[in-house]
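Subject: Structure for you to look at

Hello,

Here is the structure I promised. Please open it and follow along with the notes below.

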Amino acid sequence: MKEKKFSIKKSAFGLLAVMLLMLLAAGNVFAADTLTVDIYGPGQRKVNIILLPPKTVPAGKYEGSKEKDLPLPAEAGSFSKDLAKDLAFLPFLNIVPVTDILGGDPSRGVRPGDIDIKPLRLSKVDLAVTTGWEIRPNGEKNLLIRCIGTFNGRTILGKKYSMVTEEMLPRIADRFSSHLMRILTGRDGFFESSIAFVRKTGKDKEIYTVSPQGRNLRQISSLGGINLSPNWSHDGNRLVFTRLGSRQHLLCVWDRATGKIDQKSFPGNTVIGPEFLPDGNMAATLTMNGNSDIFLINGNYKPKKALAKSWAIEVSPDFDRTGEKMVFTSARFGNPHIFLLDMKSGVVTRITTEGKYNTNPTISPDGRYVAFSRQTPLGHRIFVHDLKTGQERQLTFGPGNDEDPAFGPDGYFIAFSSSRNGKYKIYLTTRHGDPAMLVPTGNGVAKAPAWGKAHKS
């Protein structure tokens with residue numbers, strides 16, 4: 001698949017709201033208007049985007065060909081649906097139907113000059129996406145996709161995909177959506193990431209992976225019995241999880257390159273909540289000395305030292321991208337609460353003081369936010385704690401129970417499991433508490449999501 005740029009304007013970073021940035025160059029004056037979104041700042045508004053109906057672009061049209069338009073290929077409709085589905089996962093985008101535009105479809109082609117911008121502006125549309133299908137005489141199909149800003153009528157993102165087949169369309173939708181997210185927010189990775197989770201089918205619980213938008217569902221383990229608590233390595237190439245054997249817990253590591261699963265046992269026969277550190281080492285709760293403490297485990301599966309220990313149970317370690325901060329759950333003061341370990345100094349700080357049951361902490365990659373599950377009178381809910389300000393905020397409100405939060409690699413999205421529709425499934429929200437979006441995971445109960453970035457090729 002060949003990919004070419006038409007025109008890409010680089011976005012500004014760190015804006016506190018959606019705004020237009022106008023740069024005027026002395027001498028050769030031109031507008032470099034760029035729409036940008038601060039997905040981390042407060043008070044974000046929706047960016048209105050419209051997906052205009054696909055058009056056929058005859059081969060050679062851009063070289064002055066007079067060839068007549070051909071019928072749209074059968075794939076055009078399915079691709080438009082794939083792209084709309086992807087963009088619907090970005091909470092800062094509001095997809096405007098073409099039927100909301102006065103006069104209907106304002107486009108006669110796919111280039112900026114082919115679109116009547118006025119009715120789009122009247123409908124407060126910020127961005128317009130066009131798709132053009134170029135049909136070659138030999139039957140080859142090329143796909144041209146543009147995102148045009150209505151504020152200046154210019155292309156802010158354009159891509160061409162050559163020799164397109166039907167099988168490639170979902171991946172093309174993902175790639176274009178990722179590019180657009182990068183242009184608008186300065187961040188990407190959502191559409192290339194993968195969520196590992198536990199799916200229950202019958203009596204067994206196995207480990208699966210799926211993309212956040214529900215593509216590429218894959219069964220990782222086929223070990224039978226109970227397999228729990230998956231977590232990704234920071235490069236996305238390995239998964240670690242716990243297998244409950246008939247006599248002992250086993251630490252299991254799946255390797256993406258080989259597809260093999262190593263299984264290791266430890267003294268005390270208990271392995272709970274294993275987690276990778278950025279350097280490739282692991283941490284997990286072991287009962288080495290009778291107590292359930294969190295230990296550092298090296299690449300040879302040798303326990304090195306206790307990271308968190310007390311008379312109570314210490315579980316659920318999670319690390320920021322530097323490996324300098326570890327959050328975990330401890331009942332050392334009687335009830336389960338969330339704590340933070342500074343890996344360099346060894347200082348432990350209590351994070352939660354409210355509630356009597358706080359569990360399953362996850363720390364954002366930048367080390368600023370800690371999300372966790374708290375038991376409330378109405379059920380378990382997801383909360384987020386700002387380590388910088390000390391402020392705490394409830395993100396989810398049920399119904400049912402909301403548990404097992406996991407920050408995405410960008411620190412913006414949060415995956416969690418919820419029984420809000422009667423059966424546990426995986427959902428997505430953001431650190432702002434945007435409405436939950438279901439992640440399609442197939443049949444069976446789905447719990448314990450772990451979010452990993454795209455693996456290195």
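Arg182, Arg187, Arg321 and Lys453 form a patch of positive charge on the surface. Patches take residues with over 30% relative accessible area and no salt bridge, and like charges are joined within 9 Å. Lys and Arg count as positive, Asp and Glu as negative; His and the chain ends are not counted. The place of a charge is NZ of Lys, CZ of Arg, CG of Asp or CD of Glu. Accessible areas come from the Shrake-Rupley method with a 1.4 Å probe.

This is a predicted model: local features need pLDDT of at least 70, side-chain atom pairs count only at pLDDT 80 or more, and totals for chains, interfaces and linings use all residues. Residues are numbered from 1 along each chain as its sequence is written, and side-chain values use heavy atoms, without hydrogens and water.

Arginine 187 is partly exposed, because its relative accessibility is 34% (buried is under 20%, exposed over 50%, partly exposed in between).

Now the salt bridges (a side-chain nitrogen of Lys or Arg within 4 Å of a carboxyl oxygen of Asp or Glu). The count is 14. Glutamate 75 pairs with lysine 141, with closest N and O atoms 2.9 Å apart. Glutamate 75 is buried at 14% relative accessibility. Glutamate 134 bridges to arginine 136 at 3.2 Å between the closest N and O atoms. Here glutamate 134 is buried at 4%, whereas arginine 136 is partly exposed at 30%. Arginine 374 meets glutamate 392 at 2.9 Å, N to O. Arginine 374 is buried at 6%; glutamate 392 is partly exposed at 31%.

Best wishes

Notes:
Patch = residues over 30% accessible without salt bridge, like charges linked within 9 Å, V, L, I, M, F, W, Y side chains within 5 Å. Buried < 20%, exposed > 50% of the residue type's maximum accessible area, 1.4 Å probe, protein only.
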